[in-house]
Amino acid sequence: AVGLLVYLLNDTMGEGFELAGEAVDRLRAHSLVIVSAAVTLAVLIAIGRRDGRPPQGIMLAFFIALGIGLHNLGEGLVVGAALSTGAAALATFLLVGFVIHNVSEGFGIAAPMVGERPRWYVFVGLAALAGLPALVGVLFGAQAVSPYWAALCFGIGAGAIAQVVFEVTALIARRSGADALGRPAVLGGFVAGLAIMYATALLV
């Protein structure tokens, strides 16, 4: 799960900076991506630990789905922008690629719930939280949304993903000890997550 999310974090920041480069210079869109990511990270950590305990299980899965959903909102804006310029074939290709790419992200959402038996509607809700923002992004992107606001969305998404990376890593350390982070099984899982995300990203 951490490997999947770290790749997604890198991808989100990269897309945010790319869109920031299209915004008016004096708006400091590159700084906006960094600041919005940092503020989102801080706010979500505070919310997640408001009762003095770190999020686990379904709550941690919720935060992962939220982070992925915010990332997908930004990607939806990109697809919508392609539609608004008449590039329907490109938009269709991107949408198909996003679906395939996001299947692997589902493993990251499900990972914190291993050992639990959530009801079916929990999975439906998490899938909707992670996936539906892409459709919202398409609708707004088709209306020629400014690169500045799209960059902001990616910045917020990056902050949400960073919060989840922090919490999942902390969960591993709590359950298995800090030294577990350096064990071959954990590092192998991390590399596998990166590899899976990279391989599916080639389709986008």
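Y121 has a relative accessible area of 48% and is therefore partly exposed, a class that lies between buried (under 20% relative accessible area) and exposed (over 50%), using a 1.4 Å probe and protein chains only. The structure is a predicted model, in which local features need pLDDT of at least 70, side-chain atom pairs count only at pLDDT 80 or more, and totals for chains, interfaces and linings use all residues. Residues are numbered from 1 along each chain as its sequence is written, and side-chain values use heavy atoms, leaving out hydrogens and water.

Aromatic rings make a friendly place to start. Rings of Phe, Tyr and Trp (its six-membered ring) pair if their centres lie within 6.5 Å, with planes under 30 degrees apart counted as stacked, over 60 as edge-to-face and the rest as tilted. F62 is partly exposed at 34% relative accessibility, whereas F63, at 3%, is buried. W120 and Y121 are also edge-to-face, at 5.9 Å centre to centre and 80 degrees between the planes. W120 counts as exposed because its relative accessibility is 61%.

Turning to the helices, these are DSSP runs (H or I, at least four residues) numbered from the N terminus. Helix α2 covers residues 29-48 and includes T40, which is buried at 12% relative accessibility. Leaving aside residues up to four places away in sequence, T40 touches I156, G159 and A160, where contact means heavy atoms within 4.5 Å. In α7, the buried residues are G193, M197 and T200.

Methods. Helices (H or I, at least four residues) and strands (E, at least two) are DSSP runs, numbered from the N terminus.
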